Amino acid sequence: MNIAVLQFPGSNCDQDAYHLFATGLGVPTRYVWHKERSLGETDLVVIPGGFAYGDYLRCGAIARFSPIMGAVHEYAGKGGLVFGICNGFQILCEAGLLPGALIRNRSLEYRCLTCDLAVEDAGPVFNTAALGRRIRLPIGHGEGNYRIDAAGRASLETNRQVLLRYVENPNGSQGDIAGVRNEEGNVFGMMPHPDRAFERFHPSRDGLAVVRTILSARFPKMIRRSA
Amino acid sequence: MLPPNPDPVLNQPITPALVKKHGLLPDEYEKVREHLGREPTLTELGIFSVMWSEHCSYKNTRPLLRGFPTEKRGATANFGRVLVKAGEENAGIIDVGDGWAIAFKIESHNHPSAIEPFEGAATGVGGIIRDIFTMGARPVLLTNSLRFGELDSPVTKRLLRGVVAGIAHYGNCVGVPTVGGDVYFDRSYEGNPLVNALCLGTLRHDQIRRGKATGLGNPVYYVGAATGRDGLGGAAFASKELSAESASDRPAVQKGDPFMEKLLIEACLEMMAVPGLVVGIQDMGAAGLTCSTCETASRGGAGIEIELDRVPQRESGMNSYEVMLSESQERMLVIVQLGREREIESVFEKWDLHAANVGTVTDTGRMVVRQHGTVVADIPTSALTDGAPVYQREARRPAYLDETSIWTPEGAGLPDLDLAGAQAALRALLSHPTIASKRWIYRQYDHMVQHGTVVLPGSDAGVVRLRLGESEKFIAISNDCNGRYCYLNPHRGALIAMVECLRNLVCAGATPLAMTDNLNFGNPYKPENFYQLKECVRGLAEACQFFDVPVVGGNVSLYNESPDGAIDPTPTVSVVGFIEKEEHITRQFVRAPGARLVLLGGAPAELGGSQFLGIVHGKKTGDAPAVDLPAEKRLQDFLLAQIRAGLVGAAHDLSEGGLMVALSEMLFGPDRVGAAADLSGLAAPRLDALLFGESQGRVLVAVAADDEAAVLAAAKAAGVAADGIGSSTGDGKLSVRTALGELAWPVSELRHGWESSIETAMKRPGLS
Amino acid sequence: MKIKVFVTPKKNVLDPQGAAVGHALESLGLKGLKGTRVGKVIELDLEASDSAEFRGRLDKLCRDLLSNPVIEDYHYEIAGA
């Protein structure tokens, strides 16, 4: 198994994402610089949090055109696993690999705090059987307000594409949506940070269960290990 | 004489009025002429004015600062040696064992934040981060100390909103967590907010880099953002006279770009990892190119030649004065090993940043600057650094101290509290912005990035896990300074800033290691202000010496005053402590009913300088609380020993608001707990002083019921006063028995007032 | 050729900044305010000639990069072709 963590200029949670997998899960993990055109062999592409390109124009708007994204589109098109965290989620939405868009928090302020999240039954991989009814993950973002038009929202709900909802909405997201998957079920994105919920001293260690669950799409045995 | 400057505007004669506009005294100007052996050019005048300014030269404070201890007596070969001392470089560095070290420093950006709070605070953060990674360290945490006027004024709200947003914008984007700090709201800071920002970074000993230009012929590289006219609107030289550009094009305050800084951090660390490539490196902070070029040359005992035409410029037609004095952000100066230019260029190409070869290291000991083929400045570097004037200012004890220092509640006939008054007073104190929860502030800071924050903001000290190669270590950090105490007794107030900081660290389970300080004072030419400065420095130095906590660096900010007067003297202190083992990490919150509460340090009765006196009686008087350094040491050593023995469930030091505020705060953690306390056994001539007096040397601890007797006995043996004052409960109440009767509050009510105070004050219509 | 691209939030999209600015204007005494939206202007200075083909390319750039069609509308003005 190997995990690829993308690095854009301005990604600042790349080390956090790296350690979530390399140290938290103990699986081989490597960085891929945004100027590369090939991902190499990988089982999961992680797009980490941060401020790629300074969040200029819109969060993720410029990063989606980085050279590596061509390979990501191709990889996802073939069913490869992709997971975007925070800025990574924003990049995937801008790239059209996930539905919807993220805009400024309703409060117009950055929010850093640990959230209770309701787990949705979002298909055979990400569900309450795997994660329980509730998990706790920290958020850290200024633009986490999820928006989607009425038709898109109806589609999300019908296809069970919502992964997590905020119990106490911290940013104004429609439908309290904190994370979604694509219809095919191989691309996942969420604003909360599993990469801040895995160390023994973190307020929650639910981040480990989250990434195990996502990896179980490819490695079914992952899910049986205790968190 | 030098040839005429390529820009005719700079060729005007230097008049006494122009010299004065540049902040130089007539005899300072004479010294300039002596150093040069001729009249300076206008560009050279600008250079001297900035290098000899208070900010760069410390001319009014240098003699005072020599009193600080800069080495650690108790350091061993394996731990705690100061590797780079205060004053040597951009930041000091101290060993933390196993070949690793930390670099840290605090710096102010007060005046820019008063003008433009967002950018002023943001660029303050940017500047201090650069001071850390220029030493070769990866920045891993930020803290800040903020002071504002009272929060009910719209001006203060605007400043608070802007400063916090600015710090958040910069720190969050750059990816360094803001893990702690302190904030006070007091009338004395009206119009003169204080924004002191600290950064700490980690590095191996062999990664230490210095700001030295050495090696004849080595190329001088400029890396980072292009240079514009930033900061020149505030320059001494009136904008109309400066160039044809209109004044509105020249921003008085610099604008920061944290994205650029993030790229710069990564590119610089990558560049510095290449063995032998980087000979010296310095960030361009105040007076950018000027300061970095002459300081690196001066430290290296060398000379330097700069070619301004090669400096990346984002505006056209900049003359030499503008390029040399620009305060454009996110720029570094790098001295590179000759022959290896291509290596540094390729690193910066990867990160899409400028890397321009702008000069050479020489052996002339002079800084020579050229533009358009003409020499525009030619100055011996030592004149700008070592040659800067040094003054001994006059100190005079302020007259107000005669009155305030002898005030006592008895002498003034201050009526004591009755029970109803005590009930109301706790509510008032807990909801006062200085004491109330700062959550509105710190939830805007990313305090979790780099996944190493162990104790989040809201407890006595921030605790962070440092990832050092394959191993990890834990450090604690706290910022403190009660300016009111320093106003009422400068020497003692400064002692208290230190001991409070140390108590906070010990409460977290840490041993104090080293400190950095930011001296925020008024105009030093006023003898009363200088007295405060002198006495505060004396107090800090004494405490540092006593506790063996060396100063590894710091900053001075003077002239923090308006026509109404100076701010309270505010020598902000930040101490870093080292935690031996993860299991020692302690927080201030009681977690469950049934714990026993023990008050360490007794209950002396003082009201001087207390928040209670200010909030309930509207008075700012009395002497600062008494300080007993040996008693503080005994308390610290005892508490640390109990923590290491695993006997302490929670620990919280007593500070603003005294015993009742500290007790309440221990109940405001993640769990819903109450407390039942009995203070009737404590000798207390006054109820108000017992409940809210701010006597020093005290900590409240929560211990298991079975351990209480042992802890009390150990305290006695250690010479530390200790009283069991009650237990935590599950009844949701805070009840206190006093000699006068019972007091009780619903914890949720107290907590609500404490939690919502600042958030309510800062609420904007239509936003949630 | 100077182009100004105006990017605004779609009518039915929540605009917290617009709301905040509106409230601030009202608190400064502006009466009768029915709505406020905050957008951005992107100014391009380039050497090109106006043509249907050029505008087609510009539209694509506006849709792909300069605006996010999920939440934003755009229009542009061209001067001095």
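Visitor: Where is Asp98(B)?
Guide: Asp98(B) sits in the loop between β2 (92-97) and β3 (100-108) of chain B. Helices (H or I, at least four residues) and strands (E, at least two) are DSSP runs, numbered from the N terminus. This is a predicted model, in which local features need pLDDT of at least 70 and side-chain atom pairs count only at pLDDT 80 or more, while totals for chains, interfaces and linings use all residues. Residues are numbered from 1 along each chain as its sequence is written, and chains are lettered from A and ligands numbered from 1 in the order in which they are written.

Visitor: What is the phi of Asp98(B)?
Guide: Its phi is near 55 degrees, a positive value in a residue other than glycine.

Visitor: How do β9 and β10 of chain A run, parallel or antiparallel?
Guide: Strands β9 (residues 162-166) and β10 (residues 177-181) of chain A run antiparallel and are joined by three bridges. Val162(A) stands opposite Val180(A) in β10(A).

Visitor: What is the strand order of the sheet in chain A?
Guide: The order is β2-β1-β3-β4-β11-β10-β9-β6-β7 (chain A), an open sheet of nine strands with mixed pairing. Two strands pair if DSSP finds at least two bridges between them. At the edges are β2 (29-33) and β7 (134-141) of chain A, each of which pairs on one side only.

Visitor: Changing topic, why is helix α3 of chain B largely enclosed?
Guide: Helix α3 (residues 42-51) of chain B is largely enclosed by the rest of the structure because 10 of its 10 residues are buried. Among them are Leu42(B), Glu44(B), Phe48(B) and Met51(B). The elements against which the buried residues of α3(B) pack include α2 (26-36), α11 (288-300) and β13 (374-380) of chain B.

Visitor: How many residues of strand β18 in chain B are buried?
Guide: Seven of the seven residues of β18 (residues 551-557) of chain B are buried. Strand β17 (residues 511-520) of chain B runs parallel to β18(B), and six bridges join the two. Leu519(B) has Val556(B) in β18(B) as its bridge partner.

Visitor: Which chains does chain A touch?
Guide: In chain A, 25 residues are in contact with 22 residues of chain B, and 12 residues are in contact with nine residues of chain C. Contact requires that the C-beta atoms of two residues, placed from the backbone, lie within 7 Å.

Visitor: What is the order of elements in chain C?
Guide: From the N terminus on, the elements of chain C run β-α-β-α-β. Of its 81 residues, 16% count as buried. The C-alpha atoms of chain C fill a box of roughly 45 × 25 × 15 Å along the principal axes.

Notes:
A residue is buried if 20 or more other C-beta atoms lie within 10 Å of its own, exposed if 12 or fewer, and partly exposed in between; C-beta atoms are placed from the backbone.
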